[in-house]
Amino acid sequence: MSNVGFEDALNARVGEMLDACTKCGACFTACPIAEPAGLGGANPEAMVSGVLDILRFGKGPEESEKWAKACMASGECIKACDYGVNPRFMLTMARLAMLRNGKELPERRKAGVTQFRKVGEDVSVLSRLQLSESDLIRLGQKPGKEAPRDELPDVVFYTGCNVLKTPHIALLCLDIMDEIGVDYQVMGGPTHCCGTAQLRAGDIDTLGRFANNTIHKLSQSKSKTVLAWCPSCVMQFGETVMPTYERAMGERPFDLTPFMPFLHGRLDTLRPYLKDRVEMTVALHKHPGIAGVMEAAEELLRAVPGINVVKLDVPQVGLQSVNLATLPKFKAELQLKELEAAKAVGVDALVAVYHSDHRELCAHERDWPFRIMNILEVVGASMGLSQEDHYKALKIKQDVDAIIADSADLLKQHGVNLDTARKVIVAGMLGDQPLPLQGVR
């Protein structure tokens, strides 16, 4: 498929969406961000009509533009539409239209390249602060010494990029699949980019090239099943890339399945491996953006012997924690409310699913009377599996020199430039803290 074919197919999908939308406003009414974004009193029909103007002309009413920019991808709008429109995709395309209208292609392309390189640098440095060469090979980030396998795997496990910053999560995925007998091959990292940076920058030409390249790589499995960890990748492929590719090419090369529902679907196989009791009261940190993931995660937690799951009375919004950055004040307040609620009910651990949630929350373990964990640490503990959470241990230090010193051997082993490492630690680790740490409570 040519890049022109991808862009034409994407434009055709937008045209169909314009025809299908009735401007009823149900999606805006269901949106959990309308009130925090200061749009609670807006007219739903007018808001949606304004978004359609943005799609047609690249600009629209101020309130409609504000709604599109504030989207946290919670997905409640999708459930509300009775006319076959995906309003979350509609808002994604509205943001794209605004970018194309406001900036020339060279500027947009430069922004996409800058963001792509930043992600690549952050992932490379932060993973190498924590991982041996053998683990980097295991996660597909360095070539192995063994000969390539002769036949295709049953499934591909697609890490995406950013989970490699918290690699204990991805390693636990592999440990669990090894234990229950899943035949997989790992793919991911910047060389298998989903094109999110290019979409956010408004560079559809480059997105089309990335999409073709990554789709071809991920298609290499017997079952045409790709297990995905990252919700951004699931949304990007599921709503933008794969439907556009399918429209242009007339085929869908694979199905993308989030890892939590995949694991939950094999709960009967998993149960005999959940042998050890894990005596903990936990609360699940939830984001509802990908349907079925949080429900699967909660059932997996309840399947672990000894685990008591309690619910926290806090809003559940967004695709994952990083998406809440569109409203920073609201995001910080929400995180504080959740930490306070977890303390009030006396949990032993606040348990997250996604990697960005873990990155943003984990250092708060220093200040609160409970642990911050990933769900796979809990499941793994019952199975006798563990991976050290180096990211949390390093971030809790809150001192770049101490982090450099603690990681000195690995940095030297992997040939990481110390100035680059320092820059990434300051901005990409310590700076990734929406709610400031507060001291011992």
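In the predicted model, a search of the whole structure returns eight aromatic pairs. One of them joins Phe157 and Phe259. Their ring centres lie 5.7 Å apart, and the ring planes stand at 80°, so the geometry is edge-to-face. The cut-off for that class is an angle over 60 degrees. Phe157 belongs to strand β1 (residues 155-158), whereas Phe259 belongs to helix α13 (residues 259-265). The pair therefore ties together parts that are 102 residues apart in sequence. Both Phe157 and Phe259 are buried. The two rings also take part in one aromatic cluster, which is formed by Phe157, Trp229, Phe259 and Phe262.

Thr159 is placed in the loop between β1 and α9 (167-180). Its relative accessible area is 0%, so Thr159 is buried; the cut-off for buried is under 20%. Cys233 lies 74 residues from Thr159 along the chain. The C-alpha atoms of Thr159 and Cys233 are separated by 9.1 Å.

Helix packing was examined next. Two packed helices are described by the angle between their axes and the distance between the axes. Helix α6 (residues 87-102) packs against helix α12 (residues 231-249). The angle is about 85°, and the axes are 10 Å apart. That angle makes α6 roughly perpendicular to α12, a class that spans 65 to 115 degrees. On the α6 side, the contact is made by Arg88, Phe89, Thr92 and Met93. On the α12 side, Met235, Glu239 and Thr240 contribute. By class, the contact of α6 with α12 has three nonpolar, two polar and two charged residues. Phe89 also takes part in a charge-ring arrangement. The charged end of Arg13 sits over the Phe89 ring, 4.2 Å from the ring centre.

A further helix pair consists of α3 (residues 44-57) and α4 (residues 62-70). Their axes come within 8 Å and cross at roughly 80°. Helices α3 and α4 are therefore roughly perpendicular to each other. Helix α3 supplies Ala46, Met47, Val48, Gly50, Val51 and Ile54 to the contact. Helix α4 supplies Glu63, Ser64, Glu65 and Trp67. The residues of this contact divide into six nonpolar, two polar and two charged.

Ala73 lies in the loop between α4 and α5 (76-80). Its phi is positive, at about 65°, although Ala73 is not a glycine. Most residues other than glycine have a negative phi. Ala73 has 5% relative accessibility and so counts as buried. Gln398 also has a positive phi in a residue other than glycine, with a value near 55°. Gln398 is found in the loop between α19 (390-397) and α20. Its relative accessible area is 31%, so Gln398 is partly exposed.

Ser407 occupies the loop between α20 (400-406) and α21 (408-414). Ser407 is buried, because its relative accessible area is 2%. Leaving out residues up to four places away in sequence, Ser407 touches Leu129 and Leu394. His390 is 17 residues from Ser407 in sequence. The C-alpha atoms of Ser407 and His390 are 9.8 Å apart in space.

Arg359 was also examined. This residue is found in helix α17 (residues 355-361). Arg359 has a relative accessible area of 5% and is therefore buried. With residues up to four places away in sequence not counted, Arg359 touches Asn162, Lys165, Thr166, Tyr391, Lys395 and Asp432.

Note on methods
Residues numbered from 1 in each chain as written. Predicted model: local features only at pLDDT ≥ 70, side-chain atom pairs only at ≥ 80, totals over all residues. Heavy atoms only, no water. Phe/Tyr/Trp six-rings, centres within 6.5 Å; stacked < 30°, edge-to-face > 60°. Helix = DSSP H or I, 4+ residues; strand = E, 2+ residues; numbered from the N terminus. Buried < 20%, exposed > 50% of the residue type's maximum accessible area, 1.4 Å probe, protein only. Lys NZ or Arg CZ within 6 Å of the ring centre and 35° of its normal. Axes fitted to C-alpha atoms, helices over the stretch in contact; angles between N-to-C directions. Parallel < 35°, antiparallel > 145°, perpendicular 65-115°, else oblique. Contact = heavy atoms within 4.5 Å. Nonpolar A, V, L, I, M, F, W, Y, C, P; charged D, E, K, R; others polar.
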